[in-house]
Amino acid sequence: MYKVTVITPSYNSAKFIEICIKSIAAQRSDTFKVRHIIMDGGSTDETAEVVKPYLDEDTEFKGHTGGITVFNDYLYRFTKPIFRFSLK
């Protein structure tokens, strides 16, 4: 069972997404599972190609053409009401 789900909104993030994926993957252990969902808002750069080698049962890539609405569309999936949304 997952203890934490991290949702990463992205748009034309090819330059930075690999660092993000590796950082989140480093948090995983045998006793603590982290699910990572990358919600893409219709990137026109190489984001999908950069993400592809990292996709597995714990890392998902959801493409969408609706910008930030892709993030909002998937919030209903989660059972825990506490989350933090941060853009830097």
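Two strands pair if DSSP finds at least two bridges between them. The views below show a predicted model.

**View 1. Strand β2 pairs with strand β3.** β2 and β3 (residues 59-63) run parallel and share 5 bridges.

**View 2. Strand β1 pairs with strand β2.** β1 (residues 4-10) is joined to β2 by 7 bridges, and the two are parallel. Look for Thr 8, whose bridge partner in β2 is Ile 38. From β1 the chain passes through α1 to reach β2, a right-handed β-α-β crossover.

**View 3. Strand β2 is largely enclosed.** In β2 (residues 34-40), 7 of the 7 residues are buried, so the rest of the structure largely encloses this strand. In a regular strand, side chains alternate between the two faces of the sheet. Here, Val 34, His 36, Ile 38 and Asp 40 point one way. Arg 35, Ile 37 and Met 39 point the other way.

**View 4. Ile 17 sits in helix α1.** The helix spans residues 17-25. Is Ile 17 buried or exposed? Its relative accessible area is 3%, under the 20% cut-off, so Ile 17 is buried. Beyond its neighbours within four places in sequence, Ile 17 is in contact with Thr 8, Ser 10, Ile 38, Thr 47, Val 50 and Val 51. Ile 17 and Val 50 are 33 residues apart along the chain, yet 7.5 Å separates their C-alpha atoms.

View 5. The average pLDDT of the protein chain is 80, and 70% of the residues score at least 70. Among the elements, helix α2 (residues 47-51) has the highest mean, 95. Helix α3 (residues 69-74) has the lowest, 62.

Terms used:
Residues are numbered from 1 along each chain as its sequence is written. Side-chain values use heavy atoms; hydrogens and water are left out. pLDDT is the predictor's confidence in each residue, from 0 to 100. Helices (H or I, at least four residues) and strands (E, at least two) are DSSP runs, numbered from the N terminus. Buried means under 20% relative accessible area, exposed over 50%, partly exposed in between (1.4 Å probe, protein chains only). Contact means heavy atoms within 4.5 Å. A crossover is right-handed if, with the strands pointing away from the viewer, the path from the first strand over the helix to the second runs clockwise.
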